[in-house]
Amino acid sequence: MTQDNEQIVRNAYRVAEVKDLAGWVDAFTPDGTFTDMSIGVVFSGPDGLPEQVENYARAFPDMHRELERVYVTGDVVVVQLRLQGTHQGPLHLPQGELKPTGNRMDAPCCDVFELVDGKIKRFDCYPSGTVIMGQLGVLGDLDAAFES
C-alpha cells in the first residue's frame, strides 16, 4: 500500500505537469480538497480543483515540480519539492492579478496528501509565498520597513 500511495501522488504531479485537468480531478475523491496554504484558499469539486493548476500553468507555462523527497506513512504522503518556472503570464492571487515579470522562480514547497481508497481526499500545499514573490521581484523595499 505504501508504494501504491507514493505512485498515486507521483501520478498526480505528472498529470498536473502535463496540464491534464480531467486526470487531476480524477485523482481526487468526490469530496476531495486542495488547499493552497500560502493564500488560504480551498479548492474542491470538478470546477474548483483545476483552478490553481490552470492558474500556475498560465502564469508559468514551463512550470515544473522538482520532487526532492517523498515520505509515506500509511495513507499520508509528504513531499518536499521545488516549484520552478518562468513568470510569463498573469498570476491570479486573492489580492488581484500579478502581471508577468519575466523572472524565474525556484521555490521550496512541502505538500501533504491524505489518501482514501487510492484517491486524494486532502491535499495541503505549503509553497513558500515569500520566496516566490521575492524571486518574482514584487516584495518591495523591505529596508524601508525597518528602522535603523
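Contact means heavy atoms within 4.5 Å. This is a predicted model, in which local features need pLDDT of at least 70 and side-chain atom pairs count only at pLDDT 80 or more, while totals for chains, interfaces and linings use all residues. Residues are numbered from 1 along each chain as its sequence is written, and side-chain values use heavy atoms, with hydrogens and water left out.

**View 1. Contacts of F113 in the nonpolar core.** F113 touches V9, Y13, D75, V76, V77, V79, I120, R122 and F123, leaving aside residues up to four places away in sequence. The largest nonpolar core has 34 residues, and W24 and F113 touch the most other members. Such a core is a set of buried Ala, Val, Leu, Ile, Met, Phe, Trp, Tyr and Cys residues joined through side-chain atoms within 4.5 Å. Buried means under 20% relative accessible area, exposed over 50%, and partly exposed in between (1.4 Å probe, protein chains only). At least two core residues come from each of α1 (2–17), β1 (28–36), α4, β4 (76–86), β7 (104–116), β8 (119–127) and α5 (129–136). Helices (H or I, at least four residues) and strands (E, at least two) are DSSP runs, numbered from the N terminus.

View 2. The buried ones are P50, Q52, V53, N55, Y56, A57 and A59.

**View 3. Aromatic rings around F123.** The structure holds 8 aromatic pairs. Rings of Phe, Tyr and Trp (its six-membered ring) pair if their centres lie within 6.5 Å; planes under 30 degrees apart count as stacked, over 60 as edge-to-face and the rest as tilted. W24 and F123 are edge-to-face, with ring centres 6.0 Å apart and planes at 75°. W24 sits in helix α2 (residues 21–26) and F123 in strand β8, so this pair ties together parts 99 residues apart in sequence. F123 also stacks with F34, at 4.5 Å centre to centre and 15° between the planes. F34 belongs to strand β1 and F123 to strand β8, 89 residues apart. W24 is buried at 4% relative accessible area, F123 is buried at 4%, and F34 is buried at 6%. One aromatic cluster takes in Y13, W24, F28, F34, F43, F113 and F123.

**View 4. The cysteines C109 and C125.** A disulfide is a pair of cysteine sulfur atoms within 2.5 Å. The count is 0 disulfides. The closest cysteine sulfur to that of C109 is in C125, 3.7 Å away and too far for a bond. C109 is buried at 7% relative accessibility, and C125 is buried at 9%.

**View 5. Salt bridges.** The whole structure has 7 salt bridges. Each is a side-chain nitrogen of Lys or Arg within 4 Å of a carboxyl oxygen of Asp or Glu. K121 meets D31 at 2.6 Å, N to O. K121 is in strand β8 and D31 in strand β1, so the pair joins parts 90 residues apart in sequence. K121 is partly exposed at 29%, as is D31 at 47%. D62 meets R104 at 3.3 Å, N to O. D62 lies in the loop between α4 and β3 (64–73) and R104 in strand β7, so parts 42 residues apart in sequence are tied together. R122 pairs with D124, their closest N and O atoms being 2.8 Å apart. R122 is partly exposed at 41%, whereas D124 is buried at 6%.
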